[in-house]
Amino acid sequence: MKTNLQLKSRTRAFTRVEALACLGAVTILAAVAWPTVAGTRGRSDRVACVNNLRLIGRAIQTYSGDHGGMNHWGVNAPQGTRYSPYAGNVSFQFGFLSNELATPNILACPSDTQRRAAHTWGTGPRGFLNPAYRYNAVSYFLGLDVTQNAPNSVLAGDRDIPLAGYGSCSLPLANIGYVKPGQSNLAWTNGVHVFAGNLLLSDGRVRQTSSEGLRQSFSSPLYSDNGLLHLLGW
Ligand SMILES: [Zn+2]
């Protein structure tokens, strides 16, 4: 006959084994589930980024619809931003659309850890014009050479693109980043969407692209400024 003590210790031992098994199972489950959780997060951020770019496209189209098909950087200040002393600043260019954009928080891509979404257009805390946010609330570049003649030309996109250099563009603006059509080292970094990225095209569509898609999007011979494609955003 087993004593009370023997029963107790057997129960305790069983519980310990069970606890270890549970711990093991939880660890394995966590290891299996984590990449899925992280992947889902990455995917939902990428969808949010696509929506951001769609809304930016709509805002630019609303403006150009009211200005004879011209984008605001092609229209002289103060109706547009051309010849404005701030025209070379991407935050200024996007801020100019504040009447067409409901909120500035769509100017920050959720996958871009180097940028923080502003919540109002004002100068208050988390305001787009707050000095702490002014140069830090925009994740997207603007494609300055975009043209309606090439419906696939790139109007805006995630900013993690390796530029070929900086130079003057015909707007005219000095010291603007550019890529070259057919630039062979054009590839998304792992900085925002991990070797992938989103592009807003001039007809309002948003393309989710790999680096191959990125190179294709910038290879159109239908548009360039003296052989270069100027991107405002750095
Ligand atoms: Zn993005």
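Me: How is a residue classed as buried or exposed?

Reply: A residue is buried if 20 or more other C-beta atoms lie within 10 Å of its own, exposed if 12 or fewer do, and partly exposed in between, with C-beta atoms placed from the backbone. This is a predicted model, in which local features need pLDDT of at least 70 and side-chain atom pairs count only at pLDDT 80 or more, while totals for chains, interfaces and linings use all residues. Residue numbers start from 1 along each chain as its sequence is written. Here S217 has 19 other C-beta atoms within 10 Å, so S217 is partly exposed. Of the 234 residues of the protein, 32% count as buried.

Me: In which element is S217 found?

Reply: Helices (H or I, at least four residues) and strands (E, at least two) are DSSP runs, numbered from the N terminus. S217 belongs to helix α3, residues 211-217. The protein has 3 helices and 7 strands, and from the N terminus on their order is α-α-β-β-β-β-β-β-α-β.

Me: With which residues is S217 in contact, leaving aside its neighbours within four places in sequence?

Reply: Two residues are in contact if their C-beta atoms, placed from the backbone, lie within 7 Å. With those neighbours left aside, S217 is in contact with N152, V154, L199, R207 and T209. A separate distance, C-alpha to C-alpha, puts S217 and L201 8.9 Å apart in space, and they are 16 residues apart in sequence. For the protein, 60% of contacts between residues at least 6 apart in sequence join residues at least 24 apart.

Me: What is the order of the strands in the sheet?

Reply: Two strands pair if DSSP finds at least two bridges between them. The 7 strands form an open sheet in the order β3-β4-β7-β1-β2-β5-β6, with antiparallel pairing. Its edge strands, β3 (165-169) and β6, each pair on one side only. The twist averages 35° from one strand to the next; for such angles, axes are lines fitted to C-alpha atoms, for helices over the stretch in contact, and angles run from 0 to 180 degrees between N-to-C directions.

Me: How many bridges join β5 to β6?

Reply: Strand β5 (residues 197-201) and strand β6 (residues 206-209) run antiparallel and are joined by 4 bridges. In their hairpin, 4 residues lie between the strands, and G204 takes a positive phi near 95°. L199 has R207 as its bridge partner in β6. Strand β2 (residues 154-158) also pairs with β5 in the antiparallel sense, over 3 bridges; there, G157 has L199 as its bridge partner.
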